[in-house]
Number of protein chains: 2
Amino acid sequence: MRVIDIHSHFFPKNWENLAKKFGGEDWPWLRHSTQKCNDYNKAMLMQGCREFRPIYAACWDANVRLEEMDRDGVDQQIISATPILFAYERPVKQALYCAQLFNDAALEICVQGQERLFALAQVPLQDLDASCQEVSRAKANGHVGVQIGNHVGLKNMDDEAVLDFLQHCSDQDIPVFVHPWDMMAQERTANYMMGWTVGMPAETQLSIVSMILGGGFDRLSKNLKICFAHGGGSFAFLLGRLENAWIHRDIARGKSQHPPSHYLDRFYLDSAVFDHDALDLLVKKMGSDRLMFGSDYPFPLGEQPMGHLVDTSPSLDRHSKQQILAENAAHFFTL
Amino acid sequence: MRVIDIHSHFFPKNWENLAKKFGGEDWPWLRHSTQKCNDYNKAMLMQGCREFRPIYAACWDANVRLEEMDRDGVDQQIISATPILFAYERPVKQALYCAQLFNDAALEICVQGQERLFALAQVPLQDLDASCQEVSRAKANGHVGVQIGNHVGLKNMDDEAVLDFLQHCSDQDIPVFVHPWDMMAQERTANYMMGWTVGMPAETQLSIVSMILGGGFDRLSKNLKICFAHGGGSFAFLLGRLENAWIHRDIARGKSQHPPSHYLDRFYLDSAVFDHDALDLLVKKMGSDRLMFGSDYPFPLGEQPMGHLVDTSPSLDRHSKQQILAENAAHFFTL
């Protein structure tokens with residue numbers, strides 16, 4: 001069975017020192033191990049002086065990645081930036097430079113990927129024109145889509161400029177992958193990685209809800225290909241609550257012309273939910289033609305081994321598994 | 001089939017003017033209609049000068065409530081305060097006064113309720129001693145349990161004083177109902193009632209996650225009866241993500257001795273999820289012996305008609321429905 005993983009991240013081994021170039025704090029960088037022994041393939045992803053996450057060579061080395069894809073039976077993989085690279089809060093010139101640097105680095109990894117690795121671009125989403133130009137440049141250079149963070153500061157996905165960017169992507173047939181970042185309520189979720197287990201899924205749900213209720217899907221072309229990460233966060237489970245509010249309370253309707261359930265055929269979700277019952281709920285709500293296998297590889301919170309959840313599902317039939325593991329992605333990204 | 005609704009709210013028709021008594025802003029009050037015609041049973045719940053929510057006589061009139069319970073086939077109902085009454089951010093003396101005022105008012109409604117209405121107390125949770133004293137006073141006066149907000153400012157449910165209060169409740173066999181309030185990320189959820197559809201379920205999930213990972217269930221007596229509102233927010237659907245993080249990342253484990261799934265038999269959830277598939281997932285994750293029917297009546301985002309979701313479930317058998325609709329609540333609240 002063909003397997004395409006649409007949600008994985010990369011981080012190039014070396015690149016220009018952006019803190020030195022632009023000044024400012026918290027630019028991400030890699031602190032590679034200085035030991036010769038067994039740590040040559042490990043590094044610490046840093047944000048300024050702060051340790052952000054331990055990573056290993058799969059992040060930057062296509063050969064390691066291909067070996068592990070072989071191990072887990074993954075044929076092709078879409079790689080995208082680590083969200084702390086988005087730089088939406090920085091001056092647009094810096095964010096654009098950063099995006100171009102990493103977009104070009106991503107393509108270098110893909111070249112080493114023997115036609116099994118494909119990249120999503122990043123863009124300086126705080127600026128509509130720069131984002132449209134960069135995503136078009138990236139597509140021309142070989143990127144198969146674009147990854148965006150799910151908000152720009154206080155602006156959710158009902159923001160006019162974000163919707164204009166999505167329409168540009170639709171017009172140019174560029175698929176969009178939405179990843180949570182810059183998580184809400186950080187002062188309340190600082191412990192136990194709750195930023196990832198509470199903040200991220202709430203962010204993603206907020207994105208889908210704001211896009212629906214903000215009238216985004218009413219306004220955007222039906223040709224837009226858009227997919228939300230981590231199974232859409234908590235969206236699918238909370239759809240009933242959202243629908244009930246829409247029906248019974250005028251101010252909960254926002255600008256949407258239809259109730260939220262009307263728009264489920266307008267977007268995709270990845271399968272990274274780590275639980276068969278949750279996956280079943282996704283299939284019930286979205287249909288197996290609206291889900292795509294995503295692992296979040298090679299980060300510690302990713303699926304290990306990749307593809308295991310869908311592959312071992314006791315309730316999905318072979319056709320549904322094939323749709324989720326590859327067919328939908330092949331269509332979505334034209335692979 | 002007997003039906004007990006464990007999640008409903010009240011608001012007494014008249015009470016002391018707390019803004020005048022204590023000063024300070026945003027004290028809640030009811031602006032009753034001044035028209036004689038058809039609006040005598042309607043009111044606007046105000047927070048200071050701001051319109052918070054339109055409500056109607058079921059909030060304060062036991063007779064209206066009993067009529068509507070008869071209409072929907074609800075035998076007994078637990079009433080609890082509207083969370084904007086909690087006053088956890090105010091001086092403890094004011095919050096205690098407010099709690100006592102409303103706890104006594106709740107019992108007056110229950111007296112009119114012909115042994116079909118029962119009340120949960122509220123406490124000034126910002127102060128451990130005052131909370132323990134008030135909850136014990138309330139129990140002695142006839143309250144069948146206590147409702148608490150899911151956080152006190154920046155303090156989640158792994159807070160030492162909150163856990164001490166829960167232990168006090170356990171020691172005195174006082175059931176606890178946890179309701180989300182004071183929602184996170186209000187600057188991002190101001191539109192379309194997203195505070196209720198995004199913020200609230202994230203709050204409740206945060207409560208359960210912080211209680212588990214903060215070692216709360218390891219430390220507290222197994223006799224504690226605790227139930228979280230709105231089906232536990234997004235907790236059940238996101239359990240797989242939480243469990244995966246716990247397994248693969250040391251800093252995601254917090255202080256809990258076991259993985260999160262170990263603690264599912266330590267708490268209850270209400271059934272207010274407004275969707276059969278979501279309810280099915282709750283039953284799969286928690287078991288039908290850990291769910292209790294809750295309507296969120298009589299607010300606009302409550303279930304209409306009450307009990308419809310469980311009653312019409314195509315997948316639950318009669319025994320499971322009976323457990324959820326009444327048996328578990330009868331045990332939990334000793335009714």
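Is Asp104(A) buried, partly exposed or exposed, and what is its relative accessible area? In this predicted model, select Asp104(A) to begin: the residue is partly exposed, with a relative accessible area of 33%.

**Stop 1: a salt bridge within chain A**

Asp104(A) and Arg137(A) form a salt bridge, with the closest N and O atoms 3.1 Å apart. The pair links distant parts of the chain, since Asp104(A) belongs to helix α3 (residues 92-112) and Arg137(A) to helix α4 (residues 128-141), 33 residues apart. Arg137(A) also counts as partly exposed, at 28% relative accessibility.

**Stop 2: helix α4 of chain B**

Move to chain B and select Glu134(B) with Arg137(B). Their side chains meet in a salt bridge of 2.9 Å, N to O. The two residues are separated by about one helical turn, because they stand three residues apart in helix α4 (residues 128-141) of chain B. Glu134(B) is buried at 2% relative accessibility, whereas Arg137(B) is partly exposed at 27%.

**Stop 3: the two chains together**

Display both chains. The same surface serves both copies, as 100% of the contact residues of chain A recur in chain B.

Next, select the contact residues: 61 come from chain A and 61 from chain B. About 5,300 Å² is buried between chain A and chain B, and carbon and sulfur atoms give 62% of this area. Across this interface there are 20 residue pairs in polar contact. On the side of chain A that touches chain B, β4 (50-56), α6 (194-213), α8 (235-248) and α9 (276-286) each supply at least two residues. Colour α6(A) separately, as this helix provides the largest share, 13 residues. By class, that side of chain A has 29 nonpolar, 19 polar and 13 charged residues.

**Stop 4: salt bridges across the interface**

The whole structure holds 34 salt bridges over all chains, and ten salt bridges are counted between chain A and chain B. Select Arg188(A) and Glu203(B), which form a salt bridge with the closest N and O atoms 2.8 Å apart. Arg188(A) lies in the loop between β8 (176-179) and α6 of chain A and Glu203(B) in helix α6 (residues 194-213) of chain B, so the pair joins two chains. Both Arg188(A) and Glu203(B) are buried. Then select Glu203(A) and Arg188(B), which also form a salt bridge, with the closest N and O atoms 2.8 Å apart.

Proceed to Asp275(A), Asp277(A), Asp280(A), Lys284(B) and Lys285(B), which are linked in a network of salt bridges.

**Stop 5**

Which secondary-structure element of chain A contains Lys42(A)? Select Lys42(A), which lies in strand β3 (residues 42-47). This lysine is partly exposed, with a relative accessible area of 45%. Beyond its neighbours within four places in sequence, Lys42(A) is in contact with His32(A), Ser33(A), Ile55(A), Tyr56(A) and Trp60(A). For a distance across the chain, select Arg241(A) as well: Lys42(A) and Arg241(A) are 44 Å apart in space, C-alpha to C-alpha, and 199 residues apart in sequence.

Finish at Lys225(B), in the loop between α7 (216-219) and β9 (226-228) of chain B. Lys225(B) is buried, at a relative accessible area of 14%. A polar atom of the Lys225(B) side chain lies 3.2 Å from the backbone oxygen of His331(B). Residues that Lys225(B) touches, not counting those up to four places away in sequence, include Asp173(B), Ile174(B), Phe332(B) and Thr334(B).

Key:
Residues numbered from 1 in each chain as written. Chains lettered and ligands numbered in written order. Predicted model: local features only at pLDDT ≥ 70, side-chain atom pairs only at ≥ 80, totals over all residues. Heavy atoms only, no water. Helix = DSSP H or I, 4+ residues; strand = E, 2+ residues; numbered from the N terminus. Buried < 20%, exposed > 50% of the residue type's maximum accessible area, 1.4 Å probe, protein only. Polar contact = N/O pair within 3.5 Å; in protein donor to acceptor, adjacent residues only side chain to side chain. Contact = heavy atoms within 4.5 Å. Buried area = accessible area lost by both parts, 1.4 Å probe. Salt bridge = Lys/Arg side-chain N within 4 Å of Asp/Glu carboxyl O. Nonpolar A, V, L, I, M, F, W, Y, C, P; charged D, E, K, R; others polar.
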